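Reader: I am new to this structure. Please take me through one part of it closely.

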Amino acid sequence: MNPNIAPDIFAVLPREKAFYFFTSIGNYTGVNASSLNEFAEKIREVNVKSLEFHLNRGDFEKWLTEVLQDTEIAEEIRKLKRLNLAGDDLRNHLCETVSRRLEHSKSPL
Amino acid sequence: MKHRNGETTLDATDLKILEILQENARLAYSDIGKRLGLAHSTIFERIKKMEANGIIAQYTVKVDLERMGTKKLMAMMTIYTDPKESEKVAEQLGKLPQIIEIYTSLSEELLIIAKVIAEDQESLHALIANSVAPLEGVLRIRTSIVTKKFKETQPSIGAIADKLTFIKRARNINRGKGT
């Protein structure tokens, strides 16, 4: 097993620990993710406003660090935030970052 | 007040007592009696009967939170639910102290409308994200933060009186007696 992989990266989480996508304060899109794999799928389809909302608030980093315990990807996303991306640019970069992490996690040492 | 076939029927005097209590629930029986031209013992008996029957459900205090200096944020949540789960969702919402009113509504989809209070926008969002969105059967949520309150009252007994057939009956009887 790759020692860089956080222990919960492939875990399927219970409902209360899933990531819930909102477009603004209190406005839940109905889209949620219970694992990093699912997160990778959902960020491709969710309203891009939701990605902007959560990235600016630091919600992605918080969930990835505190729930999935993956500080490595959290740091990658923190870097994305500094680029001030929006719209499809943001979606593409985010998808790329998460996919890269998943691929890296699956590959042997 | 009369009971027939398990139904409670209020007469015009009961309704007048309720109207007065809605204005000021702390009035003495004698003061209510004076306004209606009735003995305080009559008022006492009628009020006790209405309490026993649950028509008077509660005496409470209306607190003005703004004057108390507590700046609470109020919001209305519209929760779209799976019809099979909506009752359970409403029950779960009822356990959250920040949610102060819950209603269900049937439009194109089954909705739950809930009034919520929170310290600020961040705690409102945390409540919805951590305690409402994860409930099984919640499909999506729309939240509107209240910016200004123009009116907040209970339905007045006087305002709805004409909609109630039994009151019309009582009024007609009174008119017939020339009162």
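What area is buried between chain B and chain A, and what share of it do carbon and sulfur atoms give?

Author: Start with the ground rules. This is a predicted model, where local features need pLDDT of at least 70, side-chain atom pairs count only at pLDDT 80 or more, and totals for chains, interfaces and linings use all residues. Residues are numbered from 1 along each chain as its sequence is written, chains are lettered from A and ligands numbered from 1 in the order in which they are written, and side-chain values use heavy atoms, with hydrogens and water left out.

Now the interface. The size of an interface is often given as the accessible area lost when the parts come together. Here, about 1200 Å² is buried between chain B and chain A, and carbon and sulfur atoms give 54% of that. Buried area is the accessible area (1.4 Å probe) that two parts lose on being put together, summed over both. On the chain B side, B:His125, B:Ala133 and B:Pro134 lose the most area to chain A. Together they make up 40% of what that side buries. The contact (heavy atoms within 4.5 Å) takes 13 residues from chain A and 18 residues from chain B.

Chain A has two strands and five helices. From the N terminus on, their order is β-β-α-α-α-α-α. Helices (H or I, at least four residues) and strands (E, at least two) are DSSP runs, numbered from the N terminus. Chain A has 109 residues, and 50% of them count as buried, meaning under 20% relative accessible area (1.4 Å probe, protein chains only). Among contacts in chain A with a separation of 6 or more, 62% join residues 24 or more positions apart. The accessible surface of chain A is about 5500 Å², by the Shrake-Rupley method with a 1.4 Å probe. Carbon and sulfur atoms hold 48% of that surface.

Finally, a pocket. The largest pocket has 19 lining residues. B:Leu21, B:Gln22, B:Gln58, B:Thr60 and B:Gln154 lie nearest its centre. Helix 1 (residues 12-23) of chain B gives the largest share of this lining, three residues.

A pocket here is an open set of points on a 1 Å grid over the protein atoms alone, where a 1.4 Å probe fits, with protein on both sides within 12 Å along at least five of seven lines; lining residues have an atom within 4 Å of a point.
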